[in-house]
Amino acid sequence: MAVTSSPLQEARAQVLGNHNELSLVALEYRRATEPPGNEKCELRHLQVRCPLQHALITGITGQDGSYLAELLLSKGYEVHGVIRRASTFNTGRIDHIYVDPHTPQARLFLHYGDLSTGSRLIDLIYSIRPDEVYNLGAQSHVMVSFENPEYTGDITALGTTRLLDAIHRSGVTTRFYQASSSEMFGSAPPPQNEQTPFHPRSPYGAAKVYAYWVAINYREAYGMFCSNGVLFNHESPRRGPTFVTRKITRAIAHILAGKQDKLYLGNLEAKRDWGYAPEYVESMWQMLQRERPDDYVVGTGKSHTIREFVTEAFEYAGLDWGKHVSVDDRYKRPAEVDFLLADSKKAERELGWKPRVSFRELVRIMVDGDMESLGLTSPGEGARLLREKFGAWHQWNNCVSDNLKAAEGALLG
Ligand code: NAP
Ligand code: G4F
């Protein structure tokens, strides 16, 4: 290695060497010498060449976690994800971006852990020393939260406190994103924005309200950089199969394949502001790049009933939904959120965030995804839309175009 006279020069000299070492050197340099901002340009320059930033994602195996990991990898980050031990593989959504950690180019690392266990979270924060932490892990299903309210509170609410406290106690300086939810608004009249008072209608919604406020509390009490993204429903071919949109598009593919005849749903009249998930994870990253922490509502500003989603999806697939869809009261919730509609003006103004995929397009992307994952020939409008609209979307190579294949882990083979 060349003889160097300053920590930054040393960091620069290591650019051609081991990337992980470089990250550490640059990070140490930053910690040792900052007044914040002074060395920003130099570090940004280095970042172009190496995975300087370290991110930790809880919930990396979920819909959003998988897209966020892709986004951060495409931006040069080293990404660490917390996964739960299971007796079956639960990494289907990220298998296509995983490389053996022994290979020098590896920039995605997975660690066993759980939001139920604070000591492990302290270990992880202390050893990874992330620059950014994205808390996406949660028991995220509203209906399940009525059946398992205590567990939902433990993971979705207290899990957030455990993670924030792990950061606080370990003394690691990091930026924290909390996955807050439009479910927190519950019965508050639409449109909902950052000023709308919360009135949650489920144990899940109540747990998210707690997590929202505890993130703000750590910001106010300890000066931590904590931002809440209050995201409205966002969907994709990677959406969990028991959420209503994916339940519908998956059923359509199964009906077309002759594997299913009936689809049973609950309340068809509730209205949701549905957007396309890959666009939403961009807003998470944007929030953590701001000078100051803050809270943002993110959604499309358009709302549709479940009935409209069913109609649009079945018609697109050339099926008569009246012949296949029945209502089963068991899927109705003890308390419903009737009408969600985002007012995202603040996110548009301050983050420059704006959705590009419409409701109609989202339906097509998801129906195509489910049909193709069963080996059926889809009408193809969704796939075409992804190609045309997002050719080289934010240099997020292959993310959106591989999205359909990744839906069922098809990239694995
Ligand atoms: P998701 O697909 O259900 O993923 C949830 C993730 O949390 C999974 O990786 C899951 O791991 C993990 N998890 C569950 N319990 C955990 C525990 N005890 N410890 C650690 N990790 C645990 O959810 P999503 O749609 O990606 O949403 C991501 C986050 O945004 C969630 O917090 C959700 O509540 C919130 N949110 C979602 C939306 C939306 O419309 N998607 C809107 C607003 C807010 P396994 O894979 O092992 O189950
Ligand atoms: O797809 P859902 O289960 O999503 P929900 O309850 O809006 O929650 C999702 O979005 C939240 C953001 O607002 C997230 F925080 C949360 O983690 C999750 O991602 O249900 C949507 C609507 C509800 O009104 C429900 O009653 O669809 C209605 N619905 C009708 N039949 C059904 C069904 N929902 C499900 N899951 N299954 C049905 O058979």
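This is a predicted model: local features need pLDDT of at least 70, side-chain atom pairs count only at pLDDT 80 or more; totals for chains, interfaces and linings use all residues.
**The whole chain**

Begin with the protein chain coloured by secondary structure, which shows 16 helices and 13 strands. If you then colour by burial, buried residues account for 45% of the 413 residues in the chain. Among the contacts between residues at least 6 apart in sequence, 75% join residues at least 24 apart, and several of the stops below bring together such separated parts of the chain.

**The seven-stranded sheet**

Select next the strands of the open sheet, which has seven strands in the order β3-β2-β1-β4-β5-β6-β11 and parallel pairing. Look at the two ends of this row: β3 (108-112) and β11 (295-298) are the edge strands, and because each has a single partner strand, one side of each is left without a neighbour in the sheet. Turning the view along the sheet shows the twist, which averages 20° from one strand to the next.

**Strand β1**

Zoom in on β1 and show its side chains. H54, L56 and T58 lie on one side while A55 and I57 lie on the other, and with all of them buried both faces of the strand are covered. Five of the five residues of β1 are buried, so the strand is largely enclosed by the rest of the structure. On the way to its neighbour, note the five bridges that join β1 to β2 in a parallel run, with H54 standing opposite E78 of β2.

**Strand β5 and its two partners**

Move to β5 (residues 175-181), where R175, Y177, A179 and S181 point one way and F176, Q178 and S180 the other way, all of them buried.

Show both partner strands of β5 together. Toward β4 (residues 132-135) there are four bridges, and the two strands run parallel; E132 has R175 as its bridge partner, and N135 stands opposite Q178. Toward β6 (residues 225-231) there are seven bridges, again between strands that run parallel, and here S180 is partnered by V230.

**The nonpolar core**

Hide the backbone bridges and select the largest nonpolar core, a set of 86 residues in which I57, L68, A69, V298 and A313 touch the most other members. Helix α8 (residues 203-222) gives the largest share of this core, nine residues. In soluble globular proteins, nonpolar side chains tend to be buried together. Centre the view on A69 to see one of these positions in detail: leaving aside residues up to four places away in sequence, A69 touches I57, I60, V79, G81, I94, I97 and L108.

Select ligand 1 and the 25 residues around it, of which G59, G62, G137, A138 and A179 come nearest. The elements that give two or more residues to this shell are α4 and β5, and α4 gives the largest share, three residues. Coloured by residue type, the shell divides into seven nonpolar, 15 polar and three charged residues.

**The surroundings of ligand 2**

Go on to ligand 2, which is surrounded by 22 residues, the closest being V142, S181, V244, G266 and A270. Here the elements that give two or more residues are α6 (142-147) and α9 (244-256). By type, this shell holds ten nonpolar, seven polar and five charged residues.

**A buried loop residue**

End at A342, in the loop between β13 (325-327) and α13 (345-351). Is A342 buried or exposed? It counts as buried because it has 26 C-beta neighbours inside 10 Å, where 20 or more are required. Beyond residues up to four places away in sequence, A342 touches S182, P191, Q192, F232, D273, V297, V298, G299, T300 and G301.

Methods. Residues are numbered from 1 along each chain as its sequence is written. Chains are lettered from A and ligands numbered from 1 in the order in which they are written. A residue is near a molecule or strand if its C-beta atom, placed from the backbone, lies within 6 Å of it. Ala, Val, Leu, Ile, Met, Phe, Trp, Tyr, Cys and Pro count as nonpolar, Asp, Glu, Lys and Arg as charged, and the others, Gly among them, as polar. Two strands pair if DSSP finds at least two bridges between them. Axes are lines fitted to C-alpha atoms, for helices over the stretch in contact, and angles run from 0 to 180 degrees between N-to-C directions. A residue is buried if 20 or more other C-beta atoms lie within 10 Å of its own, exposed if 12 or fewer, and partly exposed in between; C-beta atoms are placed from the backbone. Two residues are in contact if their C-beta atoms, placed from the backbone, lie within 7 Å. A nonpolar core is a set of buried Ala, Val, Leu, Ile, Met, Phe, Trp, Tyr and Cys residues joined through C-beta atoms within 7 Å.
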